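Please keep the structure open as you read.

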Amino acid sequence: MIPAVVYAIPAFVLLVVVEALSYRFLPDDDERGYELRDTVTSMSMGAGSQVVGLPWKAVTVVLYAALFTVAPWHLSPASGWTWLLLFFADDLAYYVFHRAHHRVRVLWASHVVHHSSVRYNLSTALRQSWTPMTTLPFWLPLALLGVPPWMILLEQSVSLVYQFFLHTERVDKLWRPVEWVFNTPSHHRVHHGSNNVYLDRNYGGILIVWDRLFGTFEPEGERVVYGLTKNIDSFNPLRVAFHEYAAAWRDVRAARRWRDRAGYVFGPPGWSPRTEG
């Protein structure tokens with residue numbers, strides 16, 4: 001099964017070109033726009049993620065199908081209530097997945113790829129991980145709820161397509177009721193900020209209500225500084241893809257106690273024995 005998001009890739013590339021041209025002919029001193037090497041790196045990461053993701057998707061389908069088979073009931077795709085349940089369940093699963101991938105270093109090592117650019121534009125949305133295996137556990141409960149696997153995959157694609165359009169500085173804040181309920185470019189700019197006030201905020205996918213409910217919401221205020229707290233200063237796709245795994249491995253090898261080794265793997269990014277507790 002080919003993920004639906006694959007069919008959107010030509011449109012993604014076209015919109016990246018359109019946005020880049022908009023900066024060329026309508027520059028804005030307050031927006032960083034595009035830089036060729038950065039964009040090529042983002043595109044390379046996106047292409048690599050698709051190469052890895054297609055065979056992995058087959059594994060995912062098999063596991064979803066196995067759990068769906070043993071689910072105590074099967075929800076009907078002909079029912080609008082099933083789709084409504086799936087929408088909220090998928091978005092909540094995304095919130096939990098996203099928050100975990102910011103707070104557990106071994107998961108952050110995969111997700112950090114998406115935050116590694118110091119620019120913020122539509123090409124940044126394509127800067128995706130080459131290790132999608134860490135996402136699997138967060139959506140397995142949906143199959144156990146009796147949601148058909150194809151519906152889960154389709155809703156995931158809908159969410160990813162929606163989130164593509166969040167990665168832009170060209171859209172200011174939207175109508176207040178929209179900003180209150182939905183994830184918007186403004187909210188997601190905060191999420192990509194390395195400013196202290198913006199760290200680990202706004203994890204939502206389509207909705208921002210989970211962040212409001214669970215205390216992780218932060219509105220856009222001071223100018224966002226994009227990238228990591230310690231940027232890697234590299235356009236090498238292999239380094240972008242695996243640098244945090246290498247850093248974690250170095251920390252684990254240097255640690256003398258097993259509890260410290262566990263902390264470097266399962267603690268939050270930046271954890272060290274000196275800051276424990």
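At roughly what angle do the axes of α3 and α11 cross? They cross at roughly 65 degrees and come within 9 Å. Axes here are lines fitted to C-alpha atoms, for helices over the stretch in contact, and angles run from 0 to 180 degrees between N-to-C directions. Helices are DSSP runs (H or I, at least four residues), as are strands (E, at least two), and both are numbered from the N terminus.

Before going further, please note that this is a predicted model, in which local features need pLDDT of at least 70, side-chain atom pairs count only at pLDDT 80 or more, and totals for chains, interfaces and linings use all residues. Residues are numbered from 1 along each chain as its sequence is written, and side-chain values use heavy atoms, with hydrogens and water left out.

Where the two helices touch, Thr41, Ser44 and Met45 of α3 meet Pro237, Val240 and Ala241 of α11 (contact means heavy atoms within 4.5 Å). By class, this contact has four nonpolar, two polar and no charged residues. Ala, Val, Leu, Ile, Met, Phe, Trp, Tyr, Cys and Pro count as nonpolar, Asp, Glu, Lys and Arg as charged, and the others, Gly among them, as polar.

Now follow α3, which spans residues 36-70, to its packing with α7, residues 149-164. The angle here is about 130 degrees, with the axes 9 Å apart, and that makes α3 oblique to α7. From α3 come Lys57, Val61, Tyr64, Ala65 and Phe68, and from α7 come Pro149, Ile152, Leu153 and Gln156. This contact has seven nonpolar, one polar and one charged residues.

The UniProt record (unreviewed entry) lists "transmembrane region" at several spans, among them 47-68 and 136-154; such annotations may be inferred rather than shown by experiment, and positions follow the numbering used here, with feature names shortened. In the model, residues 47-68 are 100% helix and 0% strand, with end C-alpha atoms 30 Å apart. Residues 136-154 are 58% helix and 0% strand, and their end C-alpha atoms lie 15 Å apart.

Finally, look at Glu220, in the loop between α10 (209-214) and α11 (237-254). Leaving aside neighbours within four places in sequence, Glu220 is in contact with Lys173, Ser186, Arg189, Val190 and Tyr198.

Terms used:
Parallel < 35°, antiparallel > 145°, perpendicular 65-115°, else oblique.
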